[in-house]
Amino acid sequence: MLILIVAVLLGILSVWFLALLGRRVVMPRSPKLINFDLDETGQLIRLPLSPATQSAGMHGLWFNDDTAHARIGDVASIDAVNGFVDREVVGVLGGDLTATKSGRWSGHAFARPNDVSADFMETSITTETGESPAWVFPTADSDGTWAVHVHGIRTSRFSALRSVPVALRLGMTSIVPSYFGDSDNPGKGNRPSYLGQREWRDVEMALDYAVDHGARRVVLFGWSMGASISLTLSEVSRHRDLIAGLVLVSPATNMRGTLVAAAVAAGVPSWLAGLVPFSLSHRPFSFFSGLREPVDFRALDWTQPAGRVKVPTLVIHSDGDTDIPLRITRQFADANPGMVSLVELDAVPHQLEWNSSPRQFEGEIERWVMTKGLDALEDDSLAG
């Protein structure tokens, strides 16, 4: 009897432990705030030194519970001994930066869509769980080529705004949709992430919108988990014949490998890190992790089998990414020769490739798009 009781207790503890591991991945977390100080002029901000805060280029600092935004510019000085970095304050929107001492550091250099273009439209897309807001950026030069910009896990449409300017210059009408679980949708960011397995269905509705409004060709711009969503759409979308190209940034191309690598980078022993995808792919662990359906990690792995990618794909990634290691992206490119072009930029943290070098980032996209004949400004193949 005692053995039976011990066995039951161990079973319960195992389910609880594995579910806890899974919840750490898929359930929302409180924003990670950092403390800062402004100088007496309000033009310099002092931040704790980290790979992200010392990364070059334009960044964003959300404060007042993400209702206000400060645009933060170049590094002015670094004090490695005392562990801080001073940067320029370029502008503040929606709040008083002098009245607070903490905020959320991000790569969101654009705080609103009209920072990208004054000519944009707010719209709403009907999905399975309700209305999902989206931004649409029209261009007078469009020949029916649309760009769909897909953000990553636990963020919002602001993250994907960084790829809109280059798409507009290339003559692509752009749509930046939201999807299940993000802060713009019902639940306000409190719903679990299905790691792209569920979210793609909402982005599919954005493709419906694009086609209904004249899209005859689509290029998907996928950021982080948005890359996984984009790759899924290229295979299963009812509009997959219109998807002419993918541009993927810091991409999640092997979700199982990504989760294990992230757990190891966070200090979790490798044997334990391997249990994270197991907990999310098997019932009842996935249910107690907060998911109504387990995750099929085989479907979310484009590093195998070889040749799975059928759409011309540009990948921009950096070896400074500790969230999604570049080695996984190299495996992805090696597994899909002839379809995937990999551009490796200087070492920066996850999804900061545009921030550190916007001119190079956009130049690589422009060259690739023109080489593939996807630019609306130069391609007349769809006209008439």
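Colleague: Which strands does helix 5 lie across?

Modeller: In this predicted model, helix 5 (residues 225–236) lies across strand 10 (145–150), strand 12 (217–223) and strand 13. Its direction makes an angle of about 150° with strand 12.

Colleague: Across which strands does helix 10 lie?

Modeller: Helix 10, formed by residues 326–335, lies across strand 13, strand 14 and strand 15. The helix runs at about 155° to strand 15.

Colleague: What is the order of the strands in the open sheet?

Modeller: The general idea comes first. Strands of a sheet pair through backbone hydrogen bonds, in either a parallel or an antiparallel sense. Here, the open sheet has 8 strands in the order 8-9-11-10-12-13-14-15, and the pairing is mixed. Its edges are strand 8 (121–127) and strand 15 (340–345), each of which pairs on one side only. From one strand to the next, the twist averages 20°.

Colleague: In which sense do strand 13 and strand 14 pair, parallel or antiparallel?

Modeller: Strand 13 (residues 243–249) and strand 14 (residues 313–318) pair in the parallel sense, over 4 bridges. Within this pair, V247 stands opposite L314 of strand 14.

Colleague: Let us turn to strand 4. Why is strand 4 described as largely enclosed by the rest of the structure?

Modeller: A residue counts as buried when its relative accessible area is under 20%. In strand 4 (residues 59–63), 5 of the 5 residues are buried, so the strand is largely enclosed by the rest of the structure. Both faces are covered: H59, L61 and F63 are buried on one side, and G60 and W62 are buried on the other.

Colleague: How many bridges join strand 4 to strand 5, and how many join strand 4 to strand 7?

Modeller: Strand 4 is joined to strand 5 (residues 68–79) by 5 bridges, and the two run antiparallel. In this pairing, L61 has A70 as its bridge partner.

Colleague: Which residues is D202 in contact with, leaving aside its neighbours within four places in sequence?

Modeller: With those neighbours left aside, D202 is in contact with T127, E128, S178, Y179 and F180.

Methods. Residues numbered from 1 in each chain as written. Predicted model: local features only at pLDDT ≥ 70, side-chain atom pairs only at ≥ 80, totals over all residues. Heavy atoms only, no water. Pairing = 2+ DSSP bridges. Axes fitted to C-alpha atoms, helices over the stretch in contact; angles between N-to-C directions. Contact = heavy atoms within 4.5 Å. Buried < 20%, exposed > 50% of the residue type's maximum accessible area, 1.4 Å probe, protein only.
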